[in-house]
Amino acid sequence: MTQDSGQPGAPNVVVVTTMKDEGAYILDWISHYKSIGVSDFVIFTNECSDPTDHILRCLHRMGVIEHRFSRVVRRGPHKSALMWAEYEPKVNNADWVLVVDVDEYLQINSGDGTLPGLLAERADADAVSFVWRIFGNAGVGTVDHPPVPQAFVLAEPAVGLPDEHRFFKTAFRKNGKFTRMGVHRPFLAESAGEVNWQLADGTRLPEDELEGALYVRGGYGYSAAQLNHYALRSRDGFLNKKARGRANHFTSSIEPSYWHKFDKNEEEDRRLADNFSAALQIKEDLLQDASLREYHEMALVWHRRKGRKARISKDGQEFLKSLGDTRKTA
């Protein structure tokens with residue numbers, strides 16, 4: 001089902017993530033990463049209300065992923081999952097590990113179009129960071145839309161403003177130079193020695209920034225790859241996300257400022273949308289499993305109904321009105 005990287009001895013890449021109430025989006029996301037050559041997935045969930053767990057259990061049974069129910073500790077859902085992931089055989093046996101979320105799609109813009117192929121080209125790198133490119137809501141209202149990369153094709157400009165910083169996510173080599181994984185980047189081991197940390201295009205991060213870097217300024221490496229971040233998706237989908245809460249925080253709520261921060265619709269980028277056929281074929285192959293298809297369809301219904309209910313509720317109406325009000329006063 002995965003695309004051949006075209007590179008002899010291409011590295012094995014494992015994706016680690018955590019999910020809660022993401023059932024409507026799982027199969028498109030899994031299928032995309034399989035289409036660009038990811039070999040394994042380790043996925044944690046906690047306290048899901050929609051069919052997310054059922055979908056992931058089906059994929060686990062089918063041998064597509066490893067699914068784990070996470071015990072959340074004080075550090076929060078996401079960081080707890082990454083802590084437990086350190087014990088996973090798939091993670092420990094990987095050549096490379098990449099931590100990404102279900103609203104993040106890696107878009108390869110060079111080479112053979114695969115992640116293993118790109119990492120093979122970065123043969124001297126210990127870590128490769130993929131910089132966010134934020135894609136906005138584009139006026140999409142309900143969750144009845146095509147796969148996320150095809151529904152949302154308007155993004156922030158590829159060229160940033162002077163001194164503008166953009167966050168990244170990082171694939172890192174399992175070579176002993178990193179102690180543990182983090183949400184945006186791995187943590188350096190005390191005995192790491194020299195660390196060759198690059199962007200997707202091979203640009204090296206400065207040595208004095210490696211200890212705590214979460215973002216970069218200036219060049220973003222987009223000529224080789226970009227990490228498309230669909231933080232909002234549809235209006236109804238965003239209201240569902242607001243009800244679910246944030247992955248990294250127990251108490252932090254999603255405010256109108258979050259919407260405005262991620263509603264970037266200045267430039268069209270259709271490259272991933274127009275090259276999504278391989279992912280769609282993988283998705284269709286997966287859906288030949290009757291149980292998986294049933295739970296996937298149940299998830300679509302759940303998100304549709306939940307979003308509509310949120311939209312017509314008093315709180316939902318007030319929140320949607322506040323989006324317009326805060327934009328006017330900003």
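**Pocket lining.** I started with the second largest pocket and asked which element gives the largest share of its lining. Strand β5 does, with 3 residues. I kept in mind that this is a predicted model. The elements that give two or more residues to this lining are α1, β5 (104-108) and α9 (277-286). I then looked up the volume, which is about 230 Å³. The lining counts 15 residues. Closest to the centre are Ile36, Ile108, Gly113, Leu272 and Asn275. I sorted the lining by residue class: 7 nonpolar, 7 polar and 1 charged.

**Nonpolar cores.** Next I turned to the largest nonpolar core. It has 67 residues. Which residues have the most contacts inside it? I noted Trp29, Ile30, Tyr33, Leu59 and Phe130. Helix α1 (residues 26-35) gives the most to this core, with 5 residues.

**Cysteines.** How many disulfides does a search of the whole structure find? I got 0. I checked Cys48: the nearest cysteine sulfur is that of Cys58, 14 Å away. A disulfide needs the two sulfurs within 2.5 Å, so a pair at that cut-off is what I was looking for. Cys58 is in no disulfide either, and its nearest cysteine sulfur is that of Cys48.

Are these two cysteines buried or exposed? Cys48 has 19% relative accessibility and counts as buried, because the cut-off for buried is under 20%. Cys58 is buried as well, with a relative accessible area of 6%.

**Lys261.** Last, I looked up a lysine. Lys261 lies in helix α8 (residues 256-262). Its relative accessible area is 47%, so Lys261 is partly exposed. I then took the C-alpha to C-alpha distance from Lys261 to Ala231 and got 9.6 Å. In sequence, Lys261 and Ala231 are 30 residues apart.

Methods: Residues numbered from 1 in each chain as written. Predicted model: local features only at pLDDT ≥ 70, side-chain atom pairs only at ≥ 80, totals over all residues. Heavy atoms only, no water. Buried < 20%, exposed > 50% of the residue type's maximum accessible area, 1.4 Å probe, protein only. Core = buried A, V, L, I, M, F, W, Y, C linked by side-chain atoms within 4.5 Å. Helix = DSSP H or I, 4+ residues; strand = E, 2+ residues; numbered from the N terminus. 1 Å grid on protein atoms, 1.4 Å probe; cavity = no way out; pocket = protein on both sides within 12 Å on 5 of 7 lines; lining within 4 Å. Points joined across faces, edges and corners; volume = space filled by probe spheres on them. Nonpolar A, V, L, I, M, F, W, Y, C, P; charged D, E, K, R; others polar.
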